[in-house]
Amino acid sequence: FYKVVGAETHFLADGIRRAFEARISKPPQLGYSSEALLGRRQILQAACDTLSDPSARRDYDRGLLDDTLTTQIPWDKVPGTLCALQECGEAETVLLVGRSLLAERLPKAFKQDVVLAMALAYVDQSRDAMAARTPDFIRCCEVLERALKLLEEEGASNLAPDLQSQIDETLEEITPRCVLDLLALPLDEERREEGLRVACNILSTVGRGGASSIGGGFTREDFMDEAFLRMTAAEQVYLFNSTPNDIPAEPFEVYGVALALVAQAFVGKKPHLIKDADKHFQQLQQMKALGRGLCSLLLGKLEECQMLLGIDSEDSPYRDPSVIEFVVENSLLGLCKLLETWLVLPRFRDTKDIQFRLGDYYDDTTVLRYLESLESPLAAAAAIVRIGTVKSSALQALQKVFPASVKIMSAGVAVGLLTLVGLRFLPPKMDVKFAENLVRKWQNIKSQALGPDHCLADLPEALDGRMLKLWVDRATEIARYGWFWEYNLLDVTIDSVIVSMDGRRATVEATIEEAAPEHNDSTYTTRYEMAGWKITEGA
């Protein structure tokens, strides 16, 4: 009774009456029958009368304390009682009683009142889910969908149309977030299939009929970027293939599915998927030569790779001076490892933790048979079993690709070259861990530059742009005066990481703790601007 009238147990009689009058003055506006509204008023009146009478209230409070209290509700007052219970937050009770009632044959108006009370109880549960410290989008969507289904199937199409419209709008707004949470569940969780199905539905509607954005403030690209972080390579391919043909794919989608196919080819030892990836790369203007060169090399088409990268012709439209300069001037040893740990595997949820080696791929009998069927020169490089281990047959095959002046260490190295060039397009993912490692690296380099040895050579490894110039000038001046600082880095805490939409820039805020002699310890917060994953600005 206290909850029904909106009163506290310490209220006096006049406070009970004021709470009752406030509740009575605001009847529900969502389509209850006149009988239900009358029953609600009578229940509220009975509660007010009981709590306003000192003797009746003592008996009622004693029953509450002893947990022996039972209130009999006349059958015709049940809908009004459910209405009052829903208003005071007893959603579970309303749903429990309502489900048992719907199993009976009920008069139409009676049944619609029950359905409406239950639907509002589901809405209350959705609000509770969103009010949690971490909003539960999955729970919110589940209960709202139950409410909508209940209204449509049990209530009749004209029952509470405004409520149905509000539920539809809310679902449209939060469903993308729900899908992302479903996809983030463990890979063996059955509900992930529902997330993938709904993601396909969402992407099948955006792009049609002038629809240009997804609910929840997402553009199509934003939503797919977030979804891809939670999906396996195979799921990304499935999502791409499930999009209707009349919705043109954006370049980032084509590039993403091409890399997903490459990941599947590597992990599953399915080199035929490289051909599928190559078809997607052919659709792209930007990064077209890079992607196709990568696919050609993986299929052992070394001369085609050479042509696509413009290595053999100064007049080639594909020729990138930075690629040629790198090939001629730099040792390629170790780039295989770069490829293995960065190229495609970290982009996909099922492969990001796999320690994969190119040698394992090329040494696989299925891969080699496929390359031999293509009469691939790379089939002669079957001796590549581990990174950095090359036999003469492999070198003979690979020397066909690059000038004799360039020392090639393994077939995988050439793939690593393509990957290094690709860094300009797909930098490693910036996250809290990556940011912490970069900040720690900078702090260590800074301590060397400001220390007694005045080591400035490593500053470009962590800094670029204005930040690099500032610290080179500062450290040079300190060295000129013979000054130095001694301190040790105690801890780095990353407070926030904000990455630009294109993934190429980031703003990182960090709290840094340092220890220095004579109790000159310090703790300070700094903001770094980063690009190319070097620090370009600091404050």
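1. Asp491 counts as partly exposed at 28% relative accessibility, and Arg440 likewise counts as partly exposed at 27%; the class lies between buried, under 20% relative accessible area, and exposed, over 50% (1.4 Å probe, protein chains only). The model is predicted: local features need pLDDT of at least 70 and side-chain atom pairs count only at pLDDT 80 or more, while totals for chains, interfaces and linings use all residues. Residues are numbered from 1 along each chain as its sequence is written, and side-chain values use heavy atoms, with hydrogens and water left out.

2. Asp491 and Arg440 form a salt bridge, with the closest N and O atoms 3.3 Å apart; the term requires a side-chain nitrogen of Lys or Arg within 4 Å of a carboxyl oxygen of Asp or Glu. This pair links distant parts of the chain, Asp491 lying in strand S1 (residues 488-499) and Arg440 in helix H23 (residues 432-450), 51 residues apart. Helices (H or I, at least four residues) and strands (E, at least two) are DSSP runs numbered from the N terminus.

3. The structure holds 18 salt bridges. Another one joins Arg191 to Glu142, with 3.7 Å between the closest N and O atoms. Here too distant parts of the chain are linked, since Arg191 belongs to helix H10 (residues 191-205) and Glu142 to helix H8 (residues 137-155), 49 residues apart. Arg191 is partly exposed at 35% relative accessible area, as is Glu142 at 27%.

4. Lys469 is exposed, at 56% relative accessible area, whereas Asp473 is partly exposed, at 41%. Elsewhere, salt bridges with shared partners join Glu142, Glu189 and Arg191 into one network.

5. Helix H25 (residues 465-481) also contains Tyr481, which is partly exposed with a relative accessible area of 49%. Tyr481, Trp483 and Trp485 make a nonpolar surface patch of about 380 Å².

6. The second largest pocket has a volume of about 540 Å³. Of its 20 lining residues, the closest to the centre are Phe1, Val4, Thr71, Thr81 and Leu85. Helices H1 (2-5), H4 (54-66), H5 (78-87) and H6 (91-102) each give two or more residues to this lining, and H5 gives the most, with 4. The lining divides into 13 nonpolar, 4 polar and 3 charged residues.

Key:
Patch = residues over 30% accessible without salt bridge, like charges linked within 9 Å, V, L, I, M, F, W, Y side chains within 5 Å. Areas by Shrake-Rupley, 256 points an atom, 1.4 Å probe, with all protein chains shown as cover. 1 Å grid on protein atoms, 1.4 Å probe; cavity = no way out; pocket = protein on both sides within 12 Å on 5 of 7 lines; lining within 4 Å. Points joined across faces, edges and corners; volume = space filled by probe spheres on them. Nonpolar A, V, L, I, M, F, W, Y, C, P; charged D, E, K, R; others polar.
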